[in-house]
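Please find below a colleague's note on the structure shown here. The points are numbered and may be read beside the model.

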Amino acid sequence: MRVIIFVSLFVLMIIGGMGVYSARRTGLNQGFRPTQPIAFSHKEHAGINKMECLYCHFAAEQGRHAGIPPVGVCMNCHKFVKKNDSKEIAKVEQAYNNKKPIEWTKVHYLPDFAYFNHSQHVVVGKIACQTCHGPAETMEVMEQYSELSMGWCIDCHREKGIAPPQDHKAATGGDCSKCHY
Ligand code: HEC
Ligand code: HEC
Ligand code: HEC
Ligand code: HEC
Ligand code: HEC
């Protein structure tokens, strides 16, 4: 009898543990791949047509956010490209004419208490977009490639010789407040 209770408790603990684990995974959203209001393909633009990431995400060099390009950027080409034979381009044109931004569904987000700055990583750190976002130029539908957990940030910082957060007073910037405020 006692053995059965022990075994059941053990099994329950494992199931409980898995529950907590999967709840955390869900919270972190790795692999999140929402359907967008317009079937925009990174594979088509950044892959087949070899457009630079920064042509559209120019803000990544300037500050915190990489930003989503305004519809005017799309119209630089789509005034001419597939203008009359595509339902999807018709939606782009309509947004442009009505001066209504396209309501893209956000794929990545950190909780409010964590701070991440693109230009610090892209310009100063010289890290390729793909290191964090994966092979975006092959994606028909954009997805969250990395975990975006605190451990993920710290692992790379450690690898690059940026002080880990337990070295609070290190001048090299391992301070919690660099990422939290
Ligand atoms: C022609 C313009 C264009 C180019 C070029 C482009 N993107 Fe995008 N990107 C977009 C648009 C529009 C969205 C929003 C729709 C979507 O998520 O697919 C987006 C979304 C994203 C997102 C997700 C944003 C979020 O909501 O979290 C990432 C990451 C991203 N792009 C990275 C890249 C990378 C890396 C490259 C280069 C390999 C690149 N993009 C090239 C237009 C572009
Ligand atoms: C530098 C030029 C360029 C820019 C800027 C650009 N596109 Fe494109 N886009 C293309 C080309 C080229 C194709 C492929 C056309 C083809 O298949 O013949 C394409 C295809 C598409 C398609 C598929 C159309 C279909 O029916 O097959 C969509 C949707 C699209 N683009 C949306 C966008 C959006 C939204 C933006 C702005 C975020 C954008 N494009 C910016 C050049 C561009
Ligand atoms: C060191 C990792 C890292 C690199 C390098 C990086 N990103 Fe990001 N990116 C992130 C993180 C983390 C987020 C979520 C940020 C947030 O929610 O505040 C993000 C969010 C985004 C977003 C959506 C939200 C926003 O900030 O506007 C886009 C678009 C994007 N990245 C594009 C790019 C492009 C394009 C490049 C290369 C020029 C790039 N990223 C380089 C980590 C990275
Ligand atoms: C792929 C590697 C990589 C990843 C992943 C990464 N970083 Fe960084 N980070 C760097 C590098 C390299 C630098 C140093 C840039 C420089 O020289 O200032 C840096 C610098 C920083 C700084 C400035 C530190 C200081 O001492 O001033 C902050 C803050 C920061 N990162 C936050 C984050 C956050 C938050 C995440 C996760 C969401 C993250 N980083 C993920 C490589 C990375
Ligand atoms: C390099 C950036 C970075 C540094 C340095 C950092 N954090 Fe974080 N931290 C993050 C990010 C990003 C998240 C959000 C991850 C998520 O969604 O779970 C986070 C999440 C957290 C959480 C929420 C619970 C969790 O584990 O997800 C706590 C608590 C926390 N950090 C405490 C700290 C403390 C204390 C320090 C200093 C000893 C510190 N952090 C240093 C980036 C950092």
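1. An oxygen atom of ligand 3 lies 2.9 Å from a backbone N or O atom of L110. A backbone N or O atom of G67 is 2.7 Å from an oxygen atom of ligand 3, and an N or O atom in the side chain of H133 is 2.8 Å from a nitrogen atom of this ligand. For reference, a polar contact is a pair of N or O atoms within 3.5 Å; within protein, one must be able to donate a hydrogen and the other to accept it, and residues adjacent in sequence count only if both atoms are side-chain atoms.

2. The model is predicted: local features need pLDDT of at least 70, side-chain atom pairs count only at pLDDT 80 or more, and totals for chains, interfaces and linings use all residues. Residues are numbered from 1 along each chain as its sequence is written, chains are lettered from A and ligands numbered from 1 in the order in which they are written, and side-chain values use heavy atoms, with hydrogens and water left out.

3. Ligand 3 is surrounded by 21 residues (a heavy atom within 4 Å), and the closest are G67, H118, C129, C132 and H133. The shell consists of 14 nonpolar, 7 polar and no charged residues. Here Ala, Val, Leu, Ile, Met, Phe, Trp, Tyr, Cys and Pro count as nonpolar, Asp, Glu, Lys and Arg as charged, and the others, Gly among them, as polar.

4. Which residues coordinate the iron atom of ligand 3? They are H118 (NE2) and H133 (NE2), at 2.0 to 2.1 Å. Donors are N, O and S atoms within 2.8 Å of the metal (3.2 Å for Na, K and Ca). H118 lies in helix α6 (residues 118–124) and H133 in helix α7 (residues 129–133), so the pair ties together parts 15 residues apart in sequence. Helices are DSSP runs (H or I, at least four residues) numbered from the N terminus. H118 is buried at 18% relative accessibility, whereas H133 is partly exposed at 25%. Buried means under 20% relative accessible area, exposed over 50%, and partly exposed in between (1.4 Å probe, protein chains only).

5. The iron atom of ligand 2 has H45 (NE2) and H78 (NE2) as protein donors, 1.9 to 2.0 Å away. H45 belongs to helix α2 (residues 42–48) and H78 to helix α4 (residues 71–78), so this pair ties together parts 33 residues apart in sequence. H45 is partly exposed at 22% relative accessibility, and H78 is buried at 14%.

Note on methods
Helix = DSSP H or I, 4+ residues; strand = E, 2+ residues; numbered from the N terminus.
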